[in-house]
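Welcome, and thanks for taking a look at this one with us. Please open the sequence and the structure side by side, and we will walk through a few topics together.

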Amino acid sequence: RALDYVSTHDHNNNTVLYCPSSYTLQGVTLSFFSACLVGQVALTFCLSVMQIHLPVTQDSVNKMIETCLPEFDLPSVEDVKKLILGAPCKMCELDAIPTSLLKECIHPLCPTITAIITNSLSTGTVSPYLKEALLTPLLKKPQLDTEEPNNYRPVSNLNFISKVLERVVASQIIAHIEKNNLGEEFQSAYRKHHSTETALVRVHNDIAIALDKKQSVLLLLDL
């Protein structure tokens, strides 16, 4: 189906749409969204996601096959409990109960949450409920034209259980990447003990070394 479910939220003017999955908007015609800015922004976000899903090169596929992660380790109840208690007390409108209340009731609820996560990892599927997200458009810069959809970036808010599943998967993928040396050598984003500060220190050091050697320097930064 081209469109499973899309609806604007009158109670939250910042929310563009409610979208159960990243594929919900595929196949919807441009004319459907041309009536308002909300629809245009939604379509822009959808096209960006579709670009990410474009086929990768064969070389990339071969490298992934050689060092693939065969399966996920199933977390224990204690593992999940530790993740939940260590997570920020933020919540989404899709959450059934506040995160703070979930933490207070962690002992009776954790086995059920763990069962949901282990079932997802063992079957390789994710429940449609866990794919639901609220998309909020944020202007990339305050001075940009608010009527231009390309000037917005999407912020996707998932429910808390989805975030816990995401953390479980991310921790194992990151460990696999580090173990097999699959990461980019100079990547600073999304790496432990790395940030824009460490990236700037590296760039500054490389520039200083190049200048000491009387070499030409061309610097283009977008941090």
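Which residue caps the N-terminal end of helix 8? Asn159 does, with a side-chain oxygen 3.2 Å from the backbone nitrogen of Ile161. Please keep in mind that this is a predicted model.

**Helix 8**

- Helix 8 is built from 20 residues, and its first and last C-alpha atoms are 29 Å apart, close to the 28 Å expected at 1.5 Å a residue.
- Its buried residues are Phe160, Ile161, Ser162, Val164, Leu165, Val168, Gln172 and His176.
- The cover over these buried residues includes helix 4, helix 5, helix 6, helix 7 (128-131) and strand 3 (152-158).
- Gln172 sits in helix 8 and counts as buried because its relative accessibility is 16%, under the 20% cut-off.
- Leaving aside residues up to four places away in sequence, Gln172 touches Phe72 and Asp73.
- Just after helix 8, Asn181 adopts a positive phi of about 55°.

**The largest nonpolar core**

- This core has 15 residues, and Val80, Ile84, Leu102, Ile113, Ile117 and Phe160 have the most contacts inside it.
- Helix 4 (77-86), helix 6 (106-123) and helix 8 (160-179) are the elements that each give two or more residues to the core.
- If residues up to four places away in sequence are not counted, Leu102 touches Ile84, Ile97, Leu109, Ile113, Phe160 and Ile161.

**Helix 6**

- The 18 residues of helix 6 should span 26 Å at 1.5 Å a residue, and the 25 Å between its end C-alpha atoms agrees with that.
- Buried here are Ile106, Cys110, Ile113, Thr114, Ile117, Thr118, Ser120 and Leu121.
- On the face turned away from the buried side, you will find the exposed residues Pro108, Thr112 and Ser122.

**Salt bridges**

- The structure holds 2 salt bridges.
- One of them joins Lys81 and Glu78, with the closest N and O atoms 3.4 Å apart.
- Both of these residues belong to helix 4, where they are 3 residues apart, about one turn of the helix.
- Lys81 counts as buried, at 14% relative accessibility.
- Arg202 and Asp206 also meet through their side chains in a salt bridge, at 3.1 Å from N to O.
- These two are 4 residues apart in helix 9, so about one helical turn separates them.
- Arg202 is partly exposed, with a relative accessible area of 40%, and Asp206 is partly exposed too, at 36%.
- An α-helix has 3.6 residues a turn, so residues three or four places apart point the same way.

**Two more residues to look up**

- Val41 lies in helix 2 (residues 37-52) and is buried, with a relative accessible area of 2%.
- Although Val41 and Asn151 are 110 residues apart in sequence, their C-alpha atoms are 9.1 Å apart in space.
- Lys214 is found in the segment after helix 9 (196-212).
- Lys214 is not a glycine, yet it has a positive phi of about 60°.
- Lys214 is exposed, with a relative accessible area of 77%.

How values were computed. Residues numbered from 1 in each chain as written. Predicted model: local features only at pLDDT ≥ 70, side-chain atom pairs only at ≥ 80, totals over all residues. Heavy atoms only, no water. Buried < 20%, exposed > 50% of the residue type's maximum accessible area, 1.4 Å probe, protein only. Core = buried A, V, L, I, M, F, W, Y, C linked by side-chain atoms within 4.5 Å. Contact = heavy atoms within 4.5 Å. Expected span 1.5 Å × (residues − 1). Polar contact = N/O pair within 3.5 Å; in protein donor to acceptor, adjacent residues only side chain to side chain. Salt bridge = Lys/Arg side-chain N within 4 Å of Asp/Glu carboxyl O.
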